[in-house]
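Please keep the sequence and the structure in view while reading.

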Amino acid sequence: MKKALIVWGGWNGHEPELVSALFDEWLTEAGFEVELANTLDAYADAEKLRELDLIVPMWTMGTIEQKYVENVSAAVISGVGLAGCHGGMCDSFRTNVDWQFMTGGQWVAHPGNDGVEYTVEIKYSSSPLLAGIDNFQVKSEQYYLHVDPAVEVLATTRFPQVEGPHSANGAVDMPVVWTKKWGQGRVFYNSLGHHADIMEQPSVREIMTRGLLWAAEGKTLVDSRNTAATAYTGMADNQL
């Protein structure tokens, strides 16, 4: 049985407990053993983190001990998946650049605040992760992020929807959903999910569920590659 850890807390405006409960429900339905923690001390045990298949951060605008970031990073490098949404993953720790490097981006603005109507456009790339999902409308915060150019963008949204100083730059397609590699681990991010009701919308739920499961498969692939490599080495030794 795959194991997942969901760590929630920080700013309550993002409804971290409610969103985490949704993730718990979806992962449990998929056959995961899920642990919920509302303290960053859940990242203190590096060995325990490496035994997981998936880490799901749901913590906004906090501060974190550098050692905890290093523990999470080491786990993901080893093959553990990392998947999250909105400010719970990419506005977690504004002063920690190592966290931002690992996750692939950092929130910087949401012009118009909550209640902006915009389109999420699915991008057809080398990844089949969002295959069969059509473009859809959302009324929520529209996240403007500083994004790692190494990510693979799976969905975007067009700025500006609300006028501001950024409008002088003209049309900008901002990533909404992306994947990234971190060592041997898979990283998935979805900028939607300001409140739990957004996460429950069918298209958003489907995207997030697929992302959680996709990230969690990374460790299985690492284990299978290691098993194959060991078997090959053993066969080669026997042939000497």
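## Salt bridges

A salt bridge is a side-chain nitrogen of Lys or Arg within 4 Å of a carboxyl oxygen of Asp or Glu. Side chains of opposite charge can pair when their charged atoms come close. The model is predicted, so local features need pLDDT of at least 70 and side-chain atom pairs count only at pLDDT 80 or more, while totals for chains, interfaces and linings use all residues. Residues are numbered from 1 along each chain as its sequence is written, and side-chain values use heavy atoms, with hydrogens and water left out.

The structure holds 7 salt bridges. One of them joins Glu-206 and Arg-210, at 2.8 Å from N to O. These two residues are 4 residues apart in helix α7, and they are therefore separated by about one helical turn. Helices (H or I, at least four residues) and strands (E, at least two) are DSSP runs, numbered from the N terminus.

## Bridges between separate elements

Lys-48 forms a salt bridge with Glu-35, and their closest N and O atoms are 3.0 Å apart. Because Lys-48 lies in helix α2 (residues 46–50) and Glu-35 in strand β2 (residues 33–37), the pair ties together parts that are 13 residues apart in sequence.

Another salt bridge pairs Lys-2 with Glu-217, with 3.2 Å between the closest N and O atoms. This pair links distant parts of the chain, 215 residues apart: Lys-2 is in the segment before β1, and Glu-217 is in the loop between α7 (202–216) and α8 (218–239).

Buried means under 20% relative accessible area, exposed over 50%, and partly exposed in between (1.4 Å probe, protein chains only). Ser-20 is found in helix α1 and is buried, as its relative accessible area is 0%. Leaving aside residues up to four places away in sequence, Ser-20 touches Ile-6, Trp-8, Leu-36 and Met-58; contact means heavy atoms within 4.5 Å.

Glu-25 is also found in helix α1 (residues 16–29), but Glu-25 counts as partly exposed at 39% relative accessibility.

## Strand β1

Lys-3 has its place in strand β1 (residues 3–10). With 34% relative accessibility, Lys-3 counts as partly exposed. Lys-3 and Asp-53 are 50 residues apart in sequence, yet 5.3 Å apart in space, C-alpha to C-alpha. Among the residues that Lys-3 touches are Phe-32, Glu-51 and Asp-53.
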